[in-house]
Amino acid sequence: MKSHTKYLTFNTKNKKEIVNITSQVEQAVSESRVKEGFCLVNAMHITASVFINDEESGLKQDFLEWLEKLAPYDVENYRHNLTGEDNAHAHLKRTIMGREVIVSITGGKLDFGPWEQIFYGEFDGQRNKRVLIKVIGE
Ligand code: ZN
């Protein structure tokens, strides 16, 4: 069995940002030389997500606005922020959007459904954050 591990680092310009990382994951799969197997991609921080959706016009902004309604940035009204942090909202957004994705590799390529792409969701950015890619297979 082959395995390949790679870390991506992000330091987003904005506090909240969604970044399409499909080509970087495809690059890691290509480097692994795995033809049949699995690719795990996970955010290594509890205020960021990795998820699969579509690269369509307006959709990233729709996700961010929807998340802001569910878990608004609010320094005063979260118990976690009594610790002196201000990122309770980001912990909640991460949980809604998920920690990781696993995609099958078939014939050396990510075996996506129609329109599927991989995104990094940052909810407390402007500092270095990492994503882990682990490819295993034959
Ligand atoms: Zn926190």
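Let's start at methionine 44. Leaving aside residues up to four places away in sequence, methionine 44 touches Tyr7, Arg130, Val131 and Leu132. Contact here means heavy atoms within 4.5 Å. Methionine 44 sits in the loop between strand E3 (36–43) and E4. Its relative accessible area is 35%, so methionine 44 is partly exposed. On that scale, buried means under 20% relative accessible area, exposed means over 50%, and partly exposed is in between, with a 1.4 Å probe and protein chains only. Glutamine 126 is 82 residues from methionine 44 in sequence, and 15 Å away in space, C-alpha to C-alpha.

A word on the model. It is predicted: local features need pLDDT of at least 70, side-chain atom pairs count only at pLDDT 80 or more, and totals for chains, interfaces and linings use all residues. Residues are numbered from 1 along each chain as its sequence is written, and side-chain values use heavy atoms, with hydrogens and water left out.

Now the strands. Helices (H or I, at least four residues) and strands (E, at least two) are DSSP runs, numbered from the N terminus. Two strands pair if DSSP finds at least two bridges between them.

E3 pairs with strand E5 (residues 100–106), antiparallel, over seven bridges. In that pairing, glycine 37 has isoleucine 105 in E5 as its bridge partner. E3 also pairs with E8, again antiparallel over seven bridges. There, asparagine 42 stands opposite leucine 132 in E8.

Next, an open sheet of three strands. Its order is E2-E7-E4, with antiparallel pairing. Strand E2 (17–20) and strand E4 (48–53) are the edges, each pairing on one side only. Neighbouring strands here are turned by 25° against each other on average, direction ignored; axes are lines fitted to C-alpha atoms, for helices over the stretch in contact, and angles run from 0 to 180 degrees between N-to-C directions. E4 and strand E7 (residues 117–122) are joined by six bridges. Serine 49 faces glycine 121 in E7.

On to helix H3, residues 88–97. Which of its residues are buried? They are Ala88, His89, Ala90, Lys93, Arg94 and Met97. These pack against E3, E4 and helix H2 (59–70). Just after H3, glycine 98 takes a positive phi of about 95°.

Now the charges. The structure holds eight salt bridges. By that I mean a side-chain nitrogen of Lys or Arg within 4 Å of a carboxyl oxygen of Asp or Glu.

Take glutamate 68 as an example. Lysine 16 forms a salt bridge with glutamate 68, with the closest N and O atoms 2.6 Å apart. That pair links distant parts of the chain: lysine 16 in the loop between E1 and E2, glutamate 68 in helix H2, 52 residues apart. Glutamate 68 also forms a salt bridge with lysine 93, at 2.9 Å between the closest N and O atoms. Glutamate 68 is in helix H2 and lysine 93 in helix H3, so this pair ties together parts 25 residues apart in sequence. Is lysine 93 buried or exposed? Lysine 93 is buried, because its relative accessible area is 0%. Glutamate 68 counts as partly exposed, at 22% relative accessibility.

One more pair. The side chains of glutamate 31 and lysine 6 meet in a salt bridge, 2.9 Å from N to O. Glutamate 31 lies in helix H1 (residues 22–32) and lysine 6 in strand E1 (residues 2–10), so parts 25 residues apart in sequence are tied together.
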